[in-house]
Amino acid sequence: MSWLHSLASGLRALFQREQVDCELDEELSGFMEMATEEKMKRGTSHKDALREVRLERGSLEVTKEVVGTAGWESGVQSWWQDLRFAARTLRKNPGFAAVVVITLALGIGANTGIFTVVNGVVLKPLPYPDPDRLLTLWERSQSDGLQSTVAPANFYDWRAQSRSFAKMAAIDPYPDFILNGSGEAQRLSGADVSGDFFSLLGTRMELGRDFLTEEDRPGTSLSSARQPTISIEISSTCSGRWPCPHRRRSGCAEHIRCACSPA
Amino acid sequence: MADKQGDLVQGTLDMLILKIVVLEPIHGYGIAVRIEQMSNGVFKVNAGSLFVALQRLHRAGFIRSEWKASENNRRAKYYALTEYGRKRLASETRDWGRQVAAIARILEAS
């Protein structure tokens, strides 16, 4: 209740400043005049009365200043004045202003960039269920100690014999794919994965179905199945061909499998 | 209590203003004179402190103001107590009584 009052009178002082100043001026001069008259009634000369009042009560100018800066709105006012002063100074020195702007832009940009990387790599968990239980396994060569890709046969052995992992899937993230058929051909980034890759990551198919177990056997290739899995991002760029229920969602985390009629 | 004669005990000016305004609507100079008279000249009120206090009390909703013609036909802002201010005065008076009694007890203890 009382803060509402304070807000209202502060806003009035801000936006009807002249009127508020005028009222304060009238009130304070009235105060000083009454005090002076009172002294003159007791026989003091006008000049002496004025001097005595100023000594006893403070001068009109100082009082005006004190009362005018007592409310919260005077902080806003001086902030606004500072802001305008800063704007004027910057406009007068365009070179300095440019340096300031560039410094700020570089500083903010560098910080944002670093944070984005740290957030993506360190802070934000992987977008899969139980991200802290996900591991990537590599092979290390015994001769030179260098990390290398896993041989397919080793992967099958690990998957069959390991008891430390609930599930194991393989991915070769490097191949590129060419999308052609109608219109201009496109180069798409993709990956070769084993059949249980999506179920391991808990990725839901938006459309169609996941790989079947029999499709994961040697000898069955995707091209013979003619059922590629494409990410929503891709399907939205060629939505004319693939029905995509969520066009605006992007990212490769969620995949859909669309029935694609061979051109 | 005060370092300098005529200084008010910190925080008591608001209470004194409320007390004076409760009697009848009164302008700023009237309040200053009334405080001096009622304290037998012990307290002298500086215009700055008085009007800052009036502004604070007005904003808190304890007093309301109105421009009226004064006794010698000058336009002056008259202050009057609101219902909210009346309650505030009662509670401040109560607290003040308690404080004074407590301080007196401490000072009288030997």
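Helix α1 of chain B spans residues 13-21, and its buried residues are Leu13(B), Leu16(B), Ile17(B), Leu18(B), Ile20(B) and Val21(B). The model is predicted. Helices and strands of chain B contribute to the cover over these buried residues, among them α2 (28-38) and β3 (75-81). Chain B also has an open sheet of three strands, and chain B is in contact with chain A.

**Cover over α1(B)**
- The helices that cover the buried residues of α1(B) include α2 (28-38), α3 (47-59) and α4 (83-108) of chain B.
- Strands of chain B also take part, including β1 (26-27), β2 (63-69) and β3 (75-81).

**Sheet of chain B**
- The strand order is β1-β3-β2, with antiparallel pairing.
- β1 and β2 of chain B are at the edges; each has a single partner strand, so one side of each lacks a neighbour in the sheet.
- Two bridges join β1(B) and β3(B), in the antiparallel sense.
- Ile26(B) lies opposite Tyr79(B), a residue of β3(B).

**Contact between chains A and B**
- Chain A puts 21 residues into the contact, and chain B puts in 17 residues.
- On the chain A side, the elements giving two or more residues are α1 (2-15), α2 (17-41), α3 (46-57) and α4 (60-68).
- α2(A) gives the most to that side, with seven residues.
- By class, the side of chain A that touches chain B holds nine nonpolar, eight polar and four charged residues.

Definitions and conventions. Residues numbered from 1 in each chain as written. Chains lettered and ligands numbered in written order. Predicted model: local features only at pLDDT ≥ 70, side-chain atom pairs only at ≥ 80, totals over all residues. Buried ≥ 20, exposed ≤ 12 C-beta atoms within 10 Å, placed from the backbone. Helix = DSSP H or I, 4+ residues; strand = E, 2+ residues; numbered from the N terminus. Contact = placed C-beta atoms within 7 Å. Nonpolar A, V, L, I, M, F, W, Y, C, P; charged D, E, K, R; others polar. Pairing = 2+ DSSP bridges.
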